[in-house]
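Biologist: I would like to learn how to read a structure, one feature at a time. Could we start with single residues and then move on to larger pieces?

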Amino acid sequence: MSSDMAEAIRQLIQEKGFSEDSVKNSIENSIRAAYKKTYGTADNCEVRFADDLSEVTVWARKIVVDEVEDPVTEISLEDAKKMTQDCEVGDEMKIFIDPKTDFERSAVQTGKQSVHQSLTEIQKDSLYAEYKDKVGEIIIGYYQRERNETIYVDLGKVEGILPKKFQSEREVYHKNDRIKALITDVRKSASGLQIILSRTDPDFVRNILELEIPEIYDKTVEIFKIVREAGYRTKVAVYSHREDVDPVGACVGLKGVRIKNVISELEGEKVDVLKYDDDPRVFIKNALSPAEVTGVVILDEEKRQALAVVPENQFSLAIGKQGLNVRLANRLTDWSIDVKTEEQYESSDELIAESRKAAMDLFNDGDNDEISTVAELPGINPDVAELLSANNITEIEDFLAAEESGALNNIEGLSAEDIAAVKAIIDSSVEFVDEDGEEVSQEVAPSEESETADAPAGAAEEEYYECPECGAKITIDMTTCPNCGIGLSFEFEDGE
């Protein structure tokens, strides 16, 4: 093969950055493909490169035979002896093949296409490997053209793509303008390699800070988190590994020179640098800068909800235009922050106290104002309540009156244990008050009619006492309490 091919190989290596082996493999594969198209097989094809790549030759390996059955892989002894006398049947000879004369024209064209395609894939793979390692790094290119609001950037070897969603609203570009951007993704496509660029990613600011601030570059000061709304405001939380290094001061620089360089690169976007703190109250307070925060109240630690209290003249600053400042603070701290003025907080504090009291009243099981019937008693056995209701004992006062008169003992299916259980619930859950609001005994005295009706003749004037155990009414002639069953005895002092 002519030396022109060797010169072309050298140019590919030097200009395109291909490795020598990759180019040689591509050419060899294309020649073998052309050989196969001409002869039907490439198993006996051999491609040789000169050491200095000055020449590429093609050879066909053939076996010497007496009678040729396959002219592609075999050569007759007679024809072989014309080339060399030192041969015999069974030897392998290498026959020179000239692609220009021995290959079909279509085979040559196939070989060219194969080389072109192979070299294109090699170039794509080479560039992909090079730029894939640069994802997350900043690269500098030049404005080339714009199409459908997507900017195409000349990066030298390849073309970068800056989509509309990754462009800052503040920025406008013109032909040949210098563009510094972050490589966010590298993709292979049918048309070539796509290098996706961004100027809105928070990591773009991170890289700019590393370039401008030596303490961040050498990890003396570290960035905890960056949140950003490109074109408007960026918040950066930083902390220091050394007590003698102020992380915020290091980022701002003397007279603000360092942060000014960062703001300039962001086309005037506001940048808040604040100190990170493990205490969420302090961190939230810092995150709302430049507003001054009076205090921070943790409303719900599990749900990460907090309330920031600010002076009246700081409220608008804390919220920011269209809520931007507090929204970025939420994202930076991962807390849901509500901002109130001191006056609003005092008012809301009273409302919160009233709401809590109302909630306690609502769910308080001891709220006796609403309990008037036996069925409403907390923990009452439904069967017992139903049995009492069937005997016309629905109200709590009805139960107490029947219990005093002993009428409960006459209800079939109602045991002394059931009566005691209901009485215990009433004792613990119900409080009786008089019209003046003062507490009175839970005992309900039966009416004169009920006493005279239920008591034997002459018993209306009988004196009643309270059981020392359960408080039920007892008389002097009782030896046991009809309610709780405790034994009774009566002692009287002289003069009574």
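Biologist: Is Tyr-35 buried or exposed?

Modeller: Keep in mind that this model is predicted. A residue counts as buried when its relative accessible area is under 20%. Tyr-35 has a relative accessible area of 1%, so Tyr-35 is buried. Tyr-39 is partly exposed, with a relative accessible area of 27%.

Biologist: Where do Tyr-35 and Tyr-39 lie?

Modeller: Both lie in helix H2, which covers residues 20–39. They are four residues apart, about one turn of the helix.

Biologist: How do I read a pair of aromatic rings?

Modeller: A pair of aromatic rings is described by the distance of the centres and the angle of the planes. The rings of Tyr-35 and Tyr-39 are 4.7 Å apart from centre to centre, with 45° between the planes, and this pair is tilted.

Biologist: Why is the pair of Tyr-276 and Phe-283 called edge-to-face?

Modeller: Planes over 60 degrees apart count as edge-to-face. The planes of Tyr-276 and Phe-283 stand at 80°, so the pair is edge-to-face. Their ring centres are 4.9 Å apart. Phe-283 counts as buried, at 6% relative accessibility.

Biologist: Which residues do ring pairs link into a cluster?

Modeller: The cluster consists of Phe-224, Tyr-239, Tyr-276 and Phe-283. The count of aromatic pairs comes to six.

Biologist: How do I read two helices that pack together?

Modeller: Two packed helices are described by the angle between their axes and the distance between the axes. Take helix H10 (residues 280–287) and helix H12 (residues 324–333): their axes come within 9 Å and cross at roughly 145°. The crossing of H10 and H12 is right-handed.

Biologist: Which residues make the contact?

Modeller: H10 contributes Phe-283, Ile-284 and Ala-287, while H12 contributes Ala-329, Leu-332 and Thr-333. By class, five residues of this contact are nonpolar, one is polar and none is charged.

Biologist: And how do I read strands?

Modeller: Strands of a sheet pair through backbone hydrogen bonds, either parallel or antiparallel. Here, five strands close into a barrel in the order S5-S6-S7-S9-S8, with mixed pairing. From one strand to the next, the twist averages 50°.

Biologist: How many bridges join strand S5 to strand S8?

Modeller: Five bridges join S5 (residues 138–147) to S8 (residues 178–189), and these two strands run antiparallel. As an example, Gly-141 has Ile-179 in S8 as its bridge partner. Helix H6, residues 202–212, lies across S5, S8 and strand S9, and runs at about 130° to S8.

Biologist: What should I look for in the backbone of the loops?

Modeller: Look at the angles of the backbone. Phi of Lys-255 is near 55°, a positive value in a residue other than glycine. Lys-255 lies in the loop between helix H8 and helix H9. Gln-322, not a glycine either, has a positive phi of about 55°. Its loop runs between helix H11 and H12.

Biologist: Are Lys-255 and Gln-322 buried or exposed?

Modeller: Exposed means over 50% relative accessible area. Lys-255 has 76% relative accessibility, so Lys-255 counts as exposed. Gln-322 is exposed as well, with a relative accessible area of 72%.

Biologist: Which peptide bond is cis, with omega near 15°?

Modeller: That is the bond from Ser-289 to Pro-290. Pro-290 sits in the loop between H10 and strand S13.

Biologist: What does the secondary structure of the protein chain come to?

Modeller: The chain has 17 helices and 17 strands. Of its 496 residues, 36% count as buried.

Key: Residues numbered from 1 in each chain as written. Predicted model: local features only at pLDDT ≥ 70, side-chain atom pairs only at ≥ 80, totals over all residues. Heavy atoms only, no water. Axes fitted to C-alpha atoms, helices over the stretch in contact; angles between N-to-C directions. Left-handed = near helix turned anticlockwise from the far one by under 90°. Contact = heavy atoms within 4.5 Å. Nonpolar A, V, L, I, M, F, W, Y, C, P; charged D, E, K, R; others polar. Pairing = 2+ DSSP bridges. Phe/Tyr/Trp six-rings, centres within 6.5 Å; stacked < 30°, edge-to-face > 60°. Buried < 20%, exposed > 50% of the residue type's maximum accessible area, 1.4 Å probe, protein only.
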